[in-house]
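Me: Can you walk me through the pockets and charge pairs here? Keep it quick.

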Amino acid sequence: MDKLEYQAIEKLDASNYNSCCDDVRVIMLRKDCWGIVQGTETPYTEGATAKEVRDYRLRKSRAYSIIYLNTEKTHRLLISNTEDARQAWEELKQHFRPESRARAVALTDEFFSCRIQEGETIGLYAARLRQLVNQLKMPELLLWNV
């Protein structure tokens, strides 16, 4: 794995969950292992060749490594009990992105108090708003479902 990839993005901590997830997702897409984390890629079948099995295992290990290495050392304890990338991703999600009414209210407040920053282009401002809207659209955060 390219060492520069892990230095290029800010490691996951309590303050940057959304941006770090986006960065890690892009790295995994590039390394062809995002489907493993999402659960959309099924493990190799019984009749798979040795190369297919080896490739799948390599990509599965790579996915976990990408997640682990892009997490601050203080938070690695959350995922150190597993080597499964999908499980590690979900553990971090549960820790940093609680699905509760309080989170929905906080996001709504953040949306309505969002202002364009000095020197920010309208495109970046619109992207920030879109990100908040997408978070608010998540089914687990819809206020009438909570």
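What follows covers pockets, then salt bridges.

Reply: This is a predicted model, where local features need pLDDT of at least 70, side-chain atom pairs count only at pLDDT 80 or more, and totals for chains, interfaces and linings use all residues. Residues are numbered from 1 along each chain as its sequence is written, and side-chain values use heavy atoms, with hydrogens and water left out.

Me: What volume does the largest pocket have?

Reply: About 400 Å³. A pocket is an open set of points on a 1 Å grid over the protein atoms alone, where a 1.4 Å probe fits, with protein on both sides within 12 Å along at least five of seven lines. The volume is the space filled by probe spheres set on the points, which are joined across faces, edges and corners.

Me: Which residues lie nearest its centre?

Reply: Asn-18, Cys-21, Asp-22, Arg-25 and Arg-97, out of 15 lining residues in the largest pocket. Lining residues have an atom within 4 Å of a point.

Me: Which helix gives the largest share of that lining?

Reply: H2, with five residues. Helices are DSSP runs (H or I, at least four residues), numbered from the N terminus.

Me: Why does the largest pocket lie between the domains?

Reply: Because domain 1 (16-96) and domain 2 (101-136) both give residues to its lining. The domain bounds come from an automatic or database domain assignment.

Me: And the second largest pocket, what volume?

Reply: About 160 Å³. Its lining includes Asn-18, Arg-103 and Glu-110. H7 supplies the largest share of that lining, four residues.

Me: Switching topic. How many salt bridges are there?

Reply: Five in the whole structure. A salt bridge is a side-chain nitrogen of Lys or Arg within 4 Å of a carboxyl oxygen of Asp or Glu.

Me: What does Asp-32 pair with?

Reply: Arg-59, with the closest N and O atoms 4.0 Å apart. Asp-32 is in the loop between H2 and H3 and Arg-59 is in helix H4 (residues 50-69), so the pair ties together parts 27 residues apart in sequence.

Me: Is Arg-59 buried or exposed?

Reply: Buried, at 14% relative accessible area. Buried means under 20%, exposed over 50%, and partly exposed in between (1.4 Å probe, protein chains only).

Me: What about Asp-55, which partner?

Reply: Lys-51, at 2.8 Å from N to O. Both lie in helix H4, four residues apart, about one turn of the helix. Asp-55 is partly exposed, at 29% relative accessibility.

Note on methods
Helices (H or I, at least four residues) and strands (E, at least two) are DSSP runs, numbered from the N terminus.
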